[in-house]
Amino acid sequence: MKKILLVEDEKTLCLLYEEELSKEGYDVTAVNDADAALEALASGNFDLIITDIRMPGKNGIELITQIMGQRKDIPIIINSAYQSYKEDFMTWAADAYIVKSSSLDELKRKIKELIGD
Amino acid sequence: MIEKYHFLSSDFQWEAPRELMLLSVISQSLFQPFSLQDNLLVILTALTSGSGVGFNRAMLFLRDGDRLQGEMWLGPRSSEEAGFIWEVLSTPGIGYVEIVEHNRSLISRNQDSLSRRVRNLGFDMDEANCRIIPALAACNKEMYLVRDARSDPRVDPRLADLIQVDEFLCIPLLARDTVLGEIIVDNAITGVPIGVSDIKLAGLCGLIAGNIIYTTILHEKLLDAEKMATMGELAMFVTHQLRTPLVTIGGFTDQLLRPDTGEDKKARNLLIIRDEIRRLEGIVYQMGHFLKVSMKEPVFFDPAPVIDAVVRSPDVQAKAQAYALNVRLAEEPPEILCDPTSFGEIFRNVLDNAFDASVPGGEVTVRTQKDKNRFVLSVRDTGGGISNADRKQLFRPFFTTKEKGMGLGLPFTKRVMDSCGGRVEVKSRLGKGTVFRLIFQSRERGQR
């Protein structure tokens with residue numbers, strides 16, 4: 001089972017993603033901030049990271065920079081409410097940028113594309 | 001000894017050089033923040049009034065793209081009118097300021113028939129037209145004195161026809177080497193020839209006019225840019241604030257619609273959806289409330305009952321359980337100038353911020369002080385303080401350090417304080433805490 005680390009400060013949204021992605025057959029670990037994400041990464045192996053940008057404490061970009069220093073091989077999807085950052089995601093070394101939407105189809109498709117079922 | 005002098009002076013040194021007098025009258029008229037049209041009127045008046053350069057008439061063109069467009073024309077329409085105006089204006093006690101006022105009222109009443117005629121006139125500044133007057137002066141950035149307008153082929157016949165005089169001077173309006181307009185002056189009524197010293201003074205007026213236009217355009221661009229930046233921030237803020245609850249509502253609704261969703265999960269999802277809708281309502285309310293365009297009229301009122309009502313309100317009392325809340329109010333507070341409802345809201349804002357900044361065991365102190373015609377309401381917390389970088393942005397809309405903050409409370413507070421002639425002061429030390437001081441205009445109770 002492929003393991004996904006989900007970084008999202010909105011707890012209800014976290015719950016939604018967790019349930020929906022688990023249903024697709026992924027093993028989802030959800031955390032609410034960047035520090036918790038780094039802790040989870042240190043203790044477990046993940047196939048993919050999905051992160052929000054705007055979070056209390058370290059933001060998603062700082063988190064990605066830190067991850068890239070340690071684990072360049074894990075694909076990263078930025079999942080943000082901000083449409084305007086979409087053009088910049090390549091410079092942040094993320095593999096995809098998905099604007100948050102009530103339909104999770106695009107997110108699910110991208111996950112499948114990056115790590116398979 | 002220290003002596004104080006005011007910028008404006010009504011007694012001119014009549015023996016002062018004309019250049020100095022001209023600068024003096026223009027500077028004094030530009031002291032007030034009037035509109036561009038108004039300021040240009042001051043320059044035209046300087047060019048035409050006896051205490052200025054003393055031309056009979058002055059015509060103004062402003063640059064609009066590659067075109068000089070007629071804007072204003074100051075001066076008498078006939079020698080009879082000139083005689084009458086000059087008689088009035090030479091009355092003792094009538095100075096330059098009164099002449100500007102006279103011209104302003106003419107323009108504002110749209111009674112300046114000369115201006116109406118020049119507004120229909122425009123000259124292209126393309127290659128062909130740059131060889132003929134008036135575009136020639138603007139294109140070459142030089143002043144041109146025309147001696148025989150009605151017979152010289154280098155004068156545009158439309159201008160010659162309008163101006164009906166042989167001699168006139170074209171003054172391009174320059175700033176930073178850019179042409180921003182042109183002024184044309186003549187002595188149509190008196191027929192006095194235009195001399196070299198007149199041309200020098202007129203050039204000075206042209207430079208001042210050019211700079212006034214330049215700074216006004218720059219200022220307008222700056223305001224537009226600020227507006228656009230605020231709009232951009234608003235768009236980003238709305239996107240983020242609204243999208244998150246919408247995504248949550250949409251996602252959990254999709255789950256509800258699936259046939260395999262159990263009853264327990266359905267009930268849970270409905271609760272989540274209801275909460276998110278309430279959150280959306282809160283966002284919409286706050287945006288409508290804090291970003292509202294007009295502020296209520298400030299009045300003098302007794303702030304004590306409002307302060308008391310806020311402090312005793314259940315949610316403040318609930319927070320006061322977690323942190324110590326000290327309230328020290330001045331006896332017999334004066335009446336303060338503000339809208340009472342807005343006063344209650346901004347006090348609550350500042351108080352909420354103080355609680356939010358507090359750490360367990362922290363203290364929040366509300367204090368009021370009377371000081372001459374001022375009344376100070378201060379709210380102090382012993383929280384972590386505000387960093388210098390954050391302090392600069394405190395009153396910027398949508399700036400927030402709170403997880404669920406909107407960044408609208410303090411900008412609203414500042415707007416209310418501005419609207420009632422008061423101000424907000426913030427002092428903060430990292431690790432020690434912050435104090436917000438709301439300073440209001442006040443008067444003794446019952447005073448009128």
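**A conversation about chains A and B**

Me: Is B:R176 buried or exposed?
Reply: B:R176 is exposed in this predicted model, because 9 other C-beta atoms lie within 10 Å, and a residue counts as exposed at 12 or fewer.

Me: Where is B:R176 found?
Reply: B:R176 sits in the loop between β5 and β6 of chain B. Those two strands form a hairpin with two residues between them.

Me: And what about the phi of B:R176, positive or negative?
Reply: The phi of B:R176 is positive, about 50 degrees, although the residue is not a glycine.

Me: What is phi near in B:E332, then?
Reply: Phi of B:E332 is near 45 degrees, again a positive value in a residue other than glycine. B:E332 belongs to the loop between β8 (324-328) and β9 (335-338) of chain B. B:E332 is exposed, with 10 other C-beta atoms within 10 Å.

Me: Is the peptide bond from B:I133 to B:P134 cis or trans?
Reply: That bond is cis, with omega near 15 degrees. B:P134 lies in the loop between β3 and α6 (135-140) of chain B.

Me: Back to the strands. What is the order of the six strands in the open sheet of chain B?
Reply: The order is β3-β2-β1-β6-β5-β4, with antiparallel pairing. At the edges are β3 (122-124) and β4 (144-146) of chain B, each of which pairs on one side only. From one strand to the next, the twist averages 25 degrees.

Me: Which helix packs on that sheet?
Reply: Helix α8 (residues 196-257) of chain B does, touching β4, β5 (168-175) and β6 (178-186) of chain B. The direction of α8(B) makes about 35 degrees with that of β5(B).

Me: How many bridges pair β5(B) and β6(B)?
Reply: Eight bridges pair them, in the antiparallel sense. Across this pairing, B:I171 stands opposite B:I183 in β6(B).

Me: And how many between β1 of chain B and β6(B)?
Reply: Strand β1 (residues 57-63) of chain B and β6(B) pair over six bridges, also antiparallel. One example is B:L62, whose bridge partner in β6(B) is B:G181.

Me: How many of the nine residues of β6(B) are buried?
Reply: Seven of the nine are, so β6(B) is largely enclosed by the rest of the structure.

Me: What about β2 of chain B, how many bridges join it to β3(B)?
Reply: Three bridges join β2 (residues 67-74) of chain B to β3(B), and the two strands run antiparallel. B:R67 has B:D124 as its bridge partner in β3(B).

Me: New topic: how many residues of chain B are in contact with chain A?
Reply: 15 residues of chain B are in contact with 14 residues of chain A. On the chain B side, α8(B) gives the most, with 13 residues. By class, that side has six nonpolar, six polar and three charged residues.

Me: What ipTM and pTM does the predictor give the complex?
Reply: The predictor gives an ipTM of 0.89 and a pTM of 0.56.

Me: And where in chain B is confidence lowest and highest?
Reply: Confidence is lowest in helix α3 (residues 79-89) of chain B, with a mean of 67, and highest in β4(B), at 95. The mean pLDDT of chain B is 85, and 88% of its residues reach 70 or more.

Me: Now chain A. How many helices and strands are in its secondary structure?
Reply: Chain A has four helices and five strands. From the N terminus on, these elements run β-α-β-α-β-α-β-β-α. Of its 117 residues, 37% count as buried.

Me: Which residues of helix α3 of chain A are buried?
Reply: In α3 (residues 60-70) of chain A, the buried residues are A:G60, A:I61, A:L63, A:I64 and A:I67.

Me: Why are they on the same side of α3(A)?
Reply: They cover an arc of only 155 degrees around the axis, which puts them on the same side of α3(A). An α-helix has 3.6 residues a turn, so residues three or four places apart point the same way.

Me: What covers those buried residues, and which exposed residues does the opposite face carry?
Reply: The cover includes β1 (3-7), α2 (34-43), β3 (48-51) and β4 (76-80) of chain A. The face of α3(A) turned away from its buried side carries the exposed residues A:T65 and A:G69.

How values were computed: Residues are numbered from 1 along each chain as its sequence is written. Chains are lettered from A and ligands numbered from 1 in the order in which they are written. This is a predicted model: local features need pLDDT of at least 70, side-chain atom pairs count only at pLDDT 80 or more; totals for chains, interfaces and linings use all residues. Two strands pair if DSSP finds at least two bridges between them. Axes are lines fitted to C-alpha atoms, for helices over the stretch in contact, and angles run from 0 to 180 degrees between N-to-C directions. Two residues are in contact if their C-beta atoms, placed from the backbone, lie within 7 Å. Ala, Val, Leu, Ile, Met, Phe, Trp, Tyr, Cys and Pro count as nonpolar, Asp, Glu, Lys and Arg as charged, and the others, Gly among them, as polar. pLDDT is the predictor's confidence in each residue, from 0 to 100. A residue is buried if 20 or more other C-beta atoms lie within 10 Å of its own, exposed if 12 or fewer, and partly exposed in between; C-beta atoms are placed from the backbone. The arc is that of the directions from the helix axis to the C-beta atoms.
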